[in-house]
Amino acid sequence: MLDVHGLSILLAIAAMLHVTEEFIWPGGFIAWYRELCPPQEKGRGPEYLIWINTLMMWFIILAMYFGNTQTGASIWLGVATMLVINAGFHILGVIRLRKYSPGIVTAVCLYIPLFIIGISQYLTTHLISTERIAIYLVIAIAYHMLSAKKQAQ
């Protein structure tokens with residue numbers, strides 16, 4: 001049985017592997033993303049992606065800091081929900097473009113199972129309610145939709 005600290009460590013490892021797959025090996029996420037959501041403006045750089053991935057790691061550290069508490073579990077769930085919806089974004093992008101998405105392997109093989117394990121753990125220990133899970137899912141879906149819409153502006 002993993003606690004919030006253990007799940008946070010696994011989530012941090014998964015996130016680092018995911019970012020590595022997207023940007024280092026085999027790379028090409030920015031080009032793939034621009035093909036999926038073509039920007040209307042020229043010259044948009046990767047600054048946003050660097051910023052959001054750094055913020056994600058800080059939230060994972062916060063979840064570790066608060067540990068096996070409702071606060072720690074809630075922060076972990078917030079990050080994990082964003083990442084599992086990110087996995088869905090990669091899946092939909094692969095279907096739409098009919099080509100490999102840098103990040104799809106780690107998103108599917110790591111984010112989805114970790115989310116399921118964490119949800120099961122937190123529901124069993126009553127650290128998180130089903131209502132909170134639903135709220136986080138709505139927020140994560142809205143964030144990804146707004147992000148894609150903003151990219152296309």
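In the predicted model, F29 has a relative accessibility of 5% and is classed as buried, the term denoting a relative accessible area under 20%, with exposed meaning over 50% and partly exposed the range in between (1.4 Å probe, protein chains only). Residues are numbered from 1 along each chain as its sequence is written, and side-chain values rest on heavy atoms, with hydrogens and water left out. Because the model is predicted, local features require a pLDDT of at least 70 and side-chain atom pairs count only at pLDDT 80 or more, whereas totals for chains, interfaces and linings use all residues.

F29 belongs to helix α2 (residues 29-36), whose buried residues are F29, W32, Y33 and L36. These residues span an arc of only 100° around the axis, which places them on the same side of α2; the arc is taken from the directions that lead from the helix axis to the C-beta atoms. Helices (H or I, at least four residues) and strands (E, at least two) are DSSP runs numbered from the N terminus.

Aromatic pairing was examined across the whole structure, and seven pairs were found. Rings of Phe, Tyr and Trp (its six-membered ring) pair when their centres lie within 6.5 Å; planes under 30 degrees apart are stacked, those over 60 edge-to-face, and the rest tilted. One of the pairs is formed by F29 and Y33, with ring centres 5.6 Å apart and planes at 20°, so this pair is stacked. Both residues lie in helix α2, four residues apart, about one turn of the helix. Y33 is buried, at 10% relative accessibility. The rings of W76 and Y122 are edge-to-face, because their planes stand at 80°, with centres 5.3 Å apart. This second pair links distant parts of the chain, W76 being in helix α4 and Y122 in helix α5, 46 residues apart. W76 is buried at 1% relative accessibility, and Y122 is likewise buried at 1%. A single aromatic cluster is formed by F23, F29, W32, Y33 and F89.

Side chains of opposite charge can pair when their charged atoms come close. Under the criterion of a side-chain nitrogen of Lys or Arg within 4 Å of a carboxyl oxygen of Asp or Glu, the count comes to one salt bridge. The salt bridge is formed by E35 and K99, whose closest N and O atoms are 2.7 Å apart. Distant parts of the chain are linked by this pair: E35 lies in helix α2 and K99 in the loop between α4 (70-97) and α5 (104-125), 64 residues apart. E35 is partly exposed, with 39% relative accessibility, and K99 is also partly exposed, with a relative accessible area of 37%.

S74 is located in helix α4 and is buried, with a relative accessibility of 8%. The side chains of S74 and Y136 are joined by a polar contact of 2.6 Å. Such a contact is a pair of N or O atoms within 3.5 Å; within protein, one atom must be able to donate a hydrogen and the other to accept it, and residues adjacent in sequence count only if both atoms are side-chain atoms. When residues up to four places away in sequence are not counted, S74 touches I128, R132 and Y136, contact meaning heavy atoms within 4.5 Å.

V138 is placed in helix α6 (residues 130-151) and is exposed, at 57% relative accessibility. V138 and I50 are separated by 88 residues in sequence and by 24 Å in space, C-alpha to C-alpha.

Backbone geometry was considered next. Most residues other than glycine have a negative phi. R98, although not a glycine, has a positive phi of about 60°. R98 lies in the loop between α4 and α5 and is exposed at 75% relative accessibility. H126 likewise has a positive phi, near 60°, and is a residue other than glycine. H126 is found in the loop between α5 and α6, where its relative accessibility of 63% classes it as exposed.

A search of the whole structure found zero disulfides, a disulfide being a pair of cysteine sulfur atoms within 2.5 Å. C37 is buried, with a relative accessible area of 9%, whereas C109 is exposed at 51% relative accessibility.
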